[in-house]
Amino acid sequence: VRVASEGINGTVGGSKVSTSLYIEVMLSQPLFKDILCQEDFKSSAGGAHCFPDLRVGVFKEIVPMGIDPKIVSYKETGIHLSPQEFHREVEQYLSQASQGQSDTILLDCRNFYESKIGHFQGCLAPDIRKFSYFPSYVDENVELFKDKRVLMYCTGGIRCERGSAYLRSKAVCREVYQLKGGIHKYLEEFPDGFYRGKLFVFDDRYAICSNEDVISACRYCGTLWDQYKLCSSQHCRQLVLTCPSCRNKGLTACCPVCQEKELEVTSRASGQTLKEECECTRRRPRVPIEHVSRRTLDAGKD
């Protein structure tokens, strides 16, 4: 659970009784009166086993984008659309796009491994590994959004609170909209709508299902497969799609570099262990820390 000046963002698991009690207690807090409502909570099949412990922390950002909330405020978000409104907008967008007439971009602001196993039809899915790379993606593609209507979505609507505010701060889009409650809420009302595939979640389940579509493939043989596992290499934390047949053949790593050798532990001078990179991580561009810091400072001067 992340607590910030912007709000609270978290995921908890347990029995129906315990999670219902959690919601009841949260709603009863005077601090949240007229701010929090029942519809703000999303639920899915899971349980306490998905979360081995409870961690609550205080952070500067409700979700780590790397931009100070005082510089790009969550109060300057895009226009919130209900699942019904978003569904109609996507329907219109797909109709116009099929005729080559659309002035709209349907933007998935999640990470590549999330959109890989499930996304809205006709979406633009950035090839980013972390949400903190989203601002640089916008900066590098700002012309793409010029004079466009943007329909933005994420898992539960939280990343869109920050992402839409950043996109609006560029002052290039004609309009910016975001799906209220995210994919979670959309799937509650439209399980067979325009979102196809699985919904990635950040716990040991990795994904939850609302329809039978499988849109991704095994990394090794190409057969349809969408169930993630961690790379078998000891020091790698990449997720890999490898089907049972390939796993039985010993193909359990994210890439040939990890598959062919056991990675050695790399340490800083201080002795802190690093996550060693491999073929999968190297081929995706990193955003230099200096770049992020400089952009933040420049924005502060304005």
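This is a predicted model: local features need pLDDT of at least 70, side-chain atom pairs count only at pLDDT 80 or more; totals for chains, interfaces and linings use all residues.

Reader: Which side chain does Asp 53 meet in a salt bridge?
Author: Side chains of opposite charge can pair when their charged atoms come close. Here the N to O distance is 3.7 Å. Asp 53 meets the side chain of Arg 55.

Reader: How many residues apart in sequence are Glu 114 and Arg 159?
Author: The side chains of Glu 114 and Arg 159 meet in a salt bridge, at 2.8 Å from N to O. Glu 114 lies in helix α3 and Arg 159 in helix α5, so the pair ties together parts whose separation in sequence is 45 residues.

Reader: Does Glu 114 count as buried or exposed?
Author: The cut-off for buried is under 20% relative accessible area. Glu 114 has 0% relative accessibility, so Glu 114 counts as buried.

Reader: What is the C-alpha to C-alpha distance between His 184 and Gly 156?
Author: His 184 sits in helix α6, residues 182-189, and counts as buried at 14% relative accessibility. Beyond its neighbours within four places in sequence, His 184 has contacts that include Thr 155 and Leu 199. Gly 156 is 28 residues from His 184 in sequence, and in space their C-alpha atoms are apart by 5.7 Å.

Conventions: Residues are numbered from 1 along each chain as its sequence is written. Side-chain values use heavy atoms; hydrogens and water are left out. Helices (H or I, at least four residues) and strands (E, at least two) are DSSP runs, numbered from the N terminus. Buried means under 20% relative accessible area, exposed over 50%, partly exposed in between (1.4 Å probe, protein chains only). Contact means heavy atoms within 4.5 Å. A salt bridge is a side-chain nitrogen of Lys or Arg within 4 Å of a carboxyl oxygen of Asp or Glu.
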